[in-house]
Amino acid sequence: MGTRTSRVDGLERLQIAGQRQSIGPIHAYLRECIMDGTLPPGTKLSQVGLGEQLGVSRTPVREALRMLQEEGLVEFEPNQRMRVVGFDPEVLDSIYGSRIMLECLAVSVTAEVFTAADSRRAKVKLSEMRSAAKKNDTESWFVAHAQFHQILGHAVGEPLDGELRSLADRSTRYIRLAQEFDPRVWAEAGDLEHLAILEAVAGHDGAEAVSLMAHHLERTALQVLSHCAVDFDPLRVRKALSIVVAPHPVVEA
């Protein structure tokens, strides 16, 4: 009698030419499924079951799951299966505290060298976000949103630019939660905040851009916490905010 494997709803069979090249596509596909909610928190994953559903062998599945574990998206259970990680307020606090510190540095640096061409590119992304929001096209919105933030902080350079992309990517699941709780946020409040930040950066007002960006990121974090962990104190977010928007000391002449 064969061993039964649990089936995960929503997964599609992958078309991959060779097993050696399959780790990347499998990792990318499973990661996308976690981010877009196809694999919601708590979903149990097995190497055998995933291999059968995706049409690949266990070896690349095992490596893809290891990569997801390193990213904090899945975790091992005692029975050697893996589980999609649920909402963790500590992780959200850490991600957004880090984003406030690094992204505020990025917009401050970029504000000094922001060009008219940069402004035009950012406005195109704002337009794409608005269009996607009207159509309720979340995937297109996220693509334009990531590109918009990258334009606003592009002058910071590597390795910080890479760190910011990674943090922003990990923020996706929390932004999705915020949108789920109040869909108007990304079509209204978020749009107004994005426009204000762009105007500050385009006007070479680094201090204003920093303040607006810090509060923009804080709002997303606090909104998710207000629904998922109402009693949690986001210490890292609070501390980061107090550092980047702290008033300058008055120096007497």
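Proline 159 sits in the loop between H6 and H7. A cis peptide bond joins glutamate 158 to proline 159, with omega at about 5 degrees. The model is predicted. Its chain holds 10 helices and 3 strands. Of the 253 residues, 42% are buried.

**Overall layout**

- From the N terminus, the elements follow the order α-β-α-α-β-β-α-α-α-α-α-α-α.
- Take the contacts in the chain with a separation of 6 or more: 77% of them are between residues 24 or more positions apart.

**The largest nonpolar core**

- This core has 38 residues.
- Tyr96, Leu152 and Val201 have the most contacts inside this core.
- Seven stretches of helix each supply at least two core residues: H4 (89-111), H5 (116-134), H6 (138-152), H7 (160-181), H8 (184-202), H9 (206-228) and H10 (235-244).
- The top contributor is H9, which gives 8 residues.
- A second, separate core has 22 residues, and Leu14, Leu45, Val56 and Leu73 are among them.

**Leucine 152 and its contacts**

- Neighbours within four places in sequence are left aside here.

**Valine 224 in H9**

- Valine 224 is placed in helix H9.
- Its relative accessible area is 0%, so valine 224 counts as buried.
- Valine 224 and proline 89 are 135 residues apart along the chain.
- The C-alpha atoms of valine 224 and proline 89 are separated by 9.0 Å.

**Helix H2 and its cover**

- Helix H2 spans residues 47-54 and is mostly covered, with 6 of its 8 residues buried.
- The buried residues of H2 are Gln47, Gly49, Leu50, Gly51, Gln53 and Leu54.
- The cover over these buried residues includes helix H1 (23-35), strand S1 (44-45) and helix H3 (58-70).
- Just after H2 comes glycine 55, which takes a positive phi of about 80 degrees.

**The largest pocket**

- The volume of the largest pocket is about 480 Å³.
- Its lining has 24 residues.
- Phe142, Ala146, Ala168, Asp169 and Thr172 lie nearest the centre of the pocket.
- H1, H4, H6 and H7 are the elements that give two or more residues to the lining.
- By class, the lining has 9 nonpolar, 6 polar and 9 charged residues.
- Domain 1 (23-84) and domain 2 (89-245) each contribute at least three residues to the lining.

**Threonine 172 at the pocket**

- Threonine 172 is found in helix H7.
- Threonine 172 is one of the residues nearest the centre of the largest pocket.
- Threonine 172 is buried because its relative accessible area, 11%, falls under 20%.
- Not counting residues up to four places away in sequence, threonine 172 touches Met35 and Phe142.
- Phe142 is also listed among the residues nearest the pocket centre.

**Histidine 204 between H8 and H9**

- Histidine 204 lies in the loop between H8 and H9.
- Phi of histidine 204 is near 60 degrees, a positive value in a residue other than glycine.
- Histidine 204 has 47% relative accessibility, so this residue counts as partly exposed.

Notes. Residues are numbered from 1 along each chain as its sequence is written. This is a predicted model: local features need pLDDT of at least 70, side-chain atom pairs count only at pLDDT 80 or more; totals for chains, interfaces and linings use all residues. Side-chain values use heavy atoms; hydrogens and water are left out. A nonpolar core is a set of buried Ala, Val, Leu, Ile, Met, Phe, Trp, Tyr and Cys residues joined through side-chain atoms within 4.5 Å. Buried means under 20% relative accessible area, exposed over 50%, partly exposed in between (1.4 Å probe, protein chains only). Helices (H or I, at least four residues) and strands (E, at least two) are DSSP runs, numbered from the N terminus. Contact means heavy atoms within 4.5 Å. On a 1 Å grid over the protein atoms alone, a cavity is a set of points where a 1.4 Å probe fits but cannot get out, and a pocket is an open set with protein on both sides within 12 Å along at least five of seven lines; lining residues have an atom within 4 Å of a point. Grid points are joined across faces, edges and corners, and a volume is the space filled by probe spheres set on the points. Ala, Val, Leu, Ile, Met, Phe, Trp, Tyr, Cys and Pro count as nonpolar, Asp, Glu, Lys and Arg as charged, and the others, Gly among them, as polar. Domain bounds come from an automatic or database domain assignment.
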